[in-house]
Amino acid sequence: MNAKTISEGILRAVAIIIAIVLLIYFFIKIQSVIAYLAIAAVIALLGRPIVLFLRRKLKFPNTLAVVTTMILMVGLFLGILALFIPLISEQSRNLSLLDLEDLKANLNTLYFQILEYFGATTDGVTHLIEESGLEESVIKGLDLGFIPNFLNSFVNVLSNFSIGLFSVLFISFFFLKDSKLLQKGMLVFVPDQKEGNLVASIDKINGLLSRYFAGILLQLLILFIIYTITLFIVGVENAIVIAFLCALFNIIPYIGPIIGGVIMITLTMTSFLGADFSTVILPKASYVLIGIVIGQLIDNFFSQPFIFSTSVKSHPLEIFLVIIIAGLLFGVVGMVVAVPGYTAIKVILKEFLTGNEFVKKLTKNL
């Protein structure tokens, strides 16, 4: 091996590294577009059964079936959004007054009621917080000044959301109209001898993820029904909206149910401010907690095993480790996309590395 060969090898390695860095930088710059494509692909997976039903059973032309499906899905989205209008309108009216002192007073009232019930004193709590490293009381140190800033930035967020929504709907329409569109685009980057493997992988992924997302919708529906019944029994206002919001948090594995449960209990307690804490607020919060526990037990012992075993065909422990690793690497977004991403990777490995013993063991259930 002479110096020329070594130098050419070094230059080739440097060129590959530079190309990889530029590719990563390019993907970072177009991450919004990638997100639009991913969301549109999910919508297409969910809407595809409706399109097929309209075409095969009702004899709709392809374009009309796609348009009808898009209208149904947009209508469902708007219907869900309409549930939030009363709550948003009420909260917007309250926030427009910007009576932060009154809001602090309500939180203080709840704070003192809790202390009184448990026989604690403000001095004792303050001393405990100071010993833990905090310099001032949680309630006194509560800064609600972010609310006006949030309202000022809301218009910009709404504008960006509108652009994203239009982009997703536009891409989803063509994904539904031509189910092979994404596949054709990916085939451009694959050698001819590997095209069959890629086509088989995409078909398998579509089938698995269609069942997975259908299972997720079933999971959210079950939790929504349980939470709604619980809140109606307790007598919480805007029960449907709160139940839907808290059920939706279940999309985030493991930490989502905790966040949703805390929000539901907090909104329940604040809904009865002014009532006696020991005879009204605490019992109602306890009933809501029982409803949350029942919902999570059903979810953990029925919904999740059903979804993982029949759709992604992975062991719950395997899924747990994948979600934890994805969360450590990419945060909450990583936890949300961990399962479908891992499923897609397993299918691709099975198609392209069929002779590898490790891949055989990993994908034996697919």
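The points below go through a predicted model, from its overall fold to single residues.

1. Basis. This is a predicted model in which local features need pLDDT of at least 70 and side-chain atom pairs count only at pLDDT 80 or more, while totals for chains, interfaces and linings use all residues. Residues are numbered from 1 along each chain as its sequence is written, and side-chain values use heavy atoms, with hydrogens and water left out.

2. Fold. The chain holds 13 helices and 0 strands, where helices (H or I, at least four residues) and strands (E, at least two) are DSSP runs numbered from the N terminus. Its pattern along the sequence is α-α-α-α-α-α-α-α-α-α-α-α-α. Of the 366 residues, 28% count as buried. Here buried means under 20% relative accessible area, exposed over 50%, and partly exposed in between, with a 1.4 Å probe and protein chains only.

3. Annotated segments. An unreviewed UniProt entry places the feature "transmembrane region" at residues 9–28, 34–54, 66–88, 154–176, 212–234, 240–273, 285–307 and 319–342. The UniProt positions follow the numbering used here, feature names are shortened, and annotations may be inferred rather than shown by experiment. In the model, residues 34–54 are 100% helix and 0% strand, with the end C-alpha atoms 29 Å apart. Residues 212–234 are likewise 100% helix and 0% strand, and their end C-alpha atoms lie 33 Å apart.

4. Helix α9. Of the 10 residues of α9 (residues 239–248), 7 are buried, so the helix is largely enclosed by the rest of the structure. Those buried residues are Ala239, Val241, Ile242, Ala243, Phe244, Cys246 and Ala247.

5. Gly260 is in helix α10 and is buried, at a relative accessible area of 2%. For Gly256 and Cys246, 10 residues apart along the chain, the C-alpha separation is 8.5 Å.

6. Nonpolar patch. Tyr254, Ile255, Ile259, Leu317, Phe320, Leu321, Ile324, Ile325, Leu328, Leu329, Phe330 and Val332 make a nonpolar surface patch of about 1100 Å². Patches are made of residues with over 30% relative accessible area and no salt bridge; like charges are joined within 9 Å, and nonpolar side chains (Val, Leu, Ile, Met, Phe, Trp, Tyr) within 5 Å. Accessible areas come from the Shrake-Rupley method with a 1.4 Å probe, and for residues only the protein chains shown count as cover. Helices α10 (255–271) and α12 (316–352) each supply at least two of the patch residues, and α12 gives the most, with 9 residues. Phe330 lies in α12 and counts as exposed, at 62% relative accessibility.

7. Salt bridge. Which side chains meet in a salt bridge? They are those of Lys346 and Glu318, at 3.4 Å from N to O. A search of the whole structure finds 1 salt bridge, defined as a side-chain nitrogen of Lys or Arg within 4 Å of a carboxyl oxygen of Asp or Glu. Lys346 is buried, with a relative accessible area of 2%, whereas Glu318 is partly exposed, at 21% relative accessibility.

8. Second largest pocket. The second largest pocket has about 170 Å³ of space. Its lining consists of Tyr254, Pro257, Ile258, Gly261, Val262, Ile265, Leu289, Ile292, Gln296, Asp299, Asn300 and Gln304. Helices α10 and α11 (277–312) each supply at least two lining residues, and the largest share, 6 residues, comes from α11. On a 1 Å grid over the protein atoms alone, a pocket is an open set of points where a 1.4 Å probe fits, with protein on both sides within 12 Å along at least five of seven lines; lining residues have an atom within 4 Å of a point. Grid points are joined across faces, edges and corners, and a volume is the space filled by probe spheres set on the points.

9. Lys59. This residue lies in the loop between α2 (31–56) and α3 (62–97). Phi of Lys59 is near 60°, a positive value in a residue other than glycine. Lys59 counts as exposed, at 64% relative accessibility.

10. Phe174. Helix α6 (residues 146–177) contains Phe174, which is partly exposed at 35% relative accessibility. Phe174 and Ala44 are 130 residues apart in sequence and 9.0 Å apart in space, C-alpha to C-alpha.
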